[in-house]
Amino acid sequence: MLKRYQKNPILTRKDIPNLPPNLVDVSSVFNPGAIKFKDQYILLLRVQNRGRETFTLKATSQDGIHFKVAKNPVIFEGLEKIKEKIYHVYDPRLTMIEGVCYIMFAMDMDDGCKLGLAITKDFETFEFMDIVGRGDVRNGVLFPEKIGGKYIRLERPNRQALSGGIMTGTEIWLSSSDDLLHWKEEGPVMKGRFHYWDETIGSGPPPIKTKEGWLHIYHGVAHHFGSASVYQAGAVLLDLNDPQKVLARTRQNILEPRELYELTGQVPNVVFPSGMICESYDEHGFALSEAEIKVYYGAADTVAGLATSKVQELIDRCKTE
Ligand code: BMA
């Protein structure tokens with residue numbers, strides 16, 4: 001189970017510095033990407049102003065709990081080379097591969113949601129690489145190392161229309177690439193389970209490598225409650241050499257909206273994990289089973305929360321019938 005940090009939420013709109021004209025008394029801060037870099041915890045926050053425009057802000061911390069938010073939004077240099085209109089860049093997922101941080105995010109455009117990729121080596125400058133998922137797709141998440149000589153990512157094609165026309169998805173897929181820019185769909189990894197907690201699904205933070213498999217947290221949405229959708233979190237263990245293969249998956253969720261800040265807000269009933277940091281690895285890059293895991297999540301599309309667990313605890317939870 002994930003345990004909430006007692007003093008949640010860790011970030012609210014009050015933590016976002018005013019920077020006129022765009023950032024003045026903003027509405028919300030949620031769905032942060034997370035990484036540990038040179039002993040600092042770094043979050044990339046999704047911030048919305050009262051025009052419902054989206055900005056990405058960096059926050060840093062020494063302990064992973066108390067964050068200081070930078071005054072200036074992140075600029076993805078090169079984004080302007082995309083000639084089509086980009087409405088929002090959001091929900092960044094951060095993966096470190098050989099010392100470079102890759103940021104994969106969603107981009108709302110006229111013909112649906114795309115995946116964008118940016119890189120940074122210092123968290124001061126951010127370079128936009130390209131659109132790297134051209135169908136309607138969201139929740140793109142890079143693995144921290146190549147598998148079988150290829151870069152690998154999970155993604156969630158949006159092939160299901162909700163009432164109101166919003167596109168979502170019932171399956172998480174795996175894609176592979178030689179250069180991180182051109183991707184080939186390999187096939188589905190897992191499906192939503194109709195009538196239960198995870199009817200539609202999408203990847204959360206990038207997976208972490210454990211001796212028992214890739215440990216991955218995802219979100220599941222229950223749509224069967226009349227007018228309300230409930231966003232929850234679960235976990236899955238994927239095969240180390242063939243991550244398209246699911247070894248175990250939590251039957252019940254490991255975090256669900258219960259606290260007031262998760263139950264009410266811009267979008268009620270939402271916990272949306274987007275960042276995960278494991279505190280210790282062995283010399284071969286495997287997460288230690290006793291290591292603490294910090295999960296950063298958006299709550300009710302309004303604030304950001306922190307919840308923790310241990311590697312082995314989550315693996316055991318995946319295996320529980
Ligand atoms: C999903 C995404 C997330 C959001 C969630 C709840 O489809 O748009 O960014 O947090 O819905 O509204």
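1. By class, the shell around the ligand comprises four nonpolar, one polar and four charged residues. Here Ala, Val, Leu, Ile, Met, Phe, Trp, Tyr, Cys and Pro count as nonpolar, Asp, Glu, Lys and Arg as charged, and the others, Gly among them, as polar. The model is predicted: local features need pLDDT of at least 70 and side-chain atom pairs pLDDT 80 or more, while totals for chains, interfaces and linings use all residues. Residues are numbered from 1 along each chain as its sequence is written, and side-chain values use heavy atoms, with hydrogens and water left out.

2. The residues surrounding the ligand are Asn31, Arg46, Asp91, Arg138, Tyr231, Val267, Val270, Phe272 and Asp301; each has a heavy atom within 4 Å of the ligand.

3. Polar contacts (pairs of N or O atoms within 3.5 Å) deserve attention. Arginine 46 places a polar side-chain atom 2.7 Å from an oxygen atom of the ligand. For asparagine 31 the corresponding distance to a ligand oxygen atom is 2.9 Å, and for an N or O atom in the side chain of tyrosine 231 it is 3.0 Å. The protein covers 84% of the 310 Å² of accessible area that the ligand has on its own (Shrake-Rupley method, 1.4 Å probe).

4. Arginine 46 also forms a salt bridge with aspartate 91, with the closest N and O atoms 2.6 Å apart. A salt bridge is a side-chain nitrogen of Lys or Arg within 4 Å of a carboxyl oxygen of Asp or Glu. This pair links distant parts of the chain, as aspartate 91 is in strand 7 (residues 86-97) and arginine 46 in strand 3 (residues 40-48), 45 residues apart. Strands are DSSP runs (E, at least two residues), numbered from the N terminus. The whole structure has 21 salt bridges.

5. The backbone has some features to note. Most residues other than glycine have a negative phi, and most peptide bonds are trans. A cis peptide bond, however, joins asparagine 8 and proline 9, with omega about -5 degrees, and another joins proline 20 and proline 21, with omega about 5 degrees. Proline 9 lies in the loop between strand 1 (3-4) and strand 2 (28-37), and proline 21 is in the loop between strand 1 and strand 2.

6. Leucine 180, although not a glycine, has a positive phi of about 75 degrees. Leucine 180 is located in the loop between strand 15 (171-177) and strand 16 (183-191).

How values were computed:
Polar contact = N/O pair within 3.5 Å; in protein donor to acceptor, adjacent residues only side chain to side chain. Helix = DSSP H or I, 4+ residues; strand = E, 2+ residues; numbered from the N terminus.
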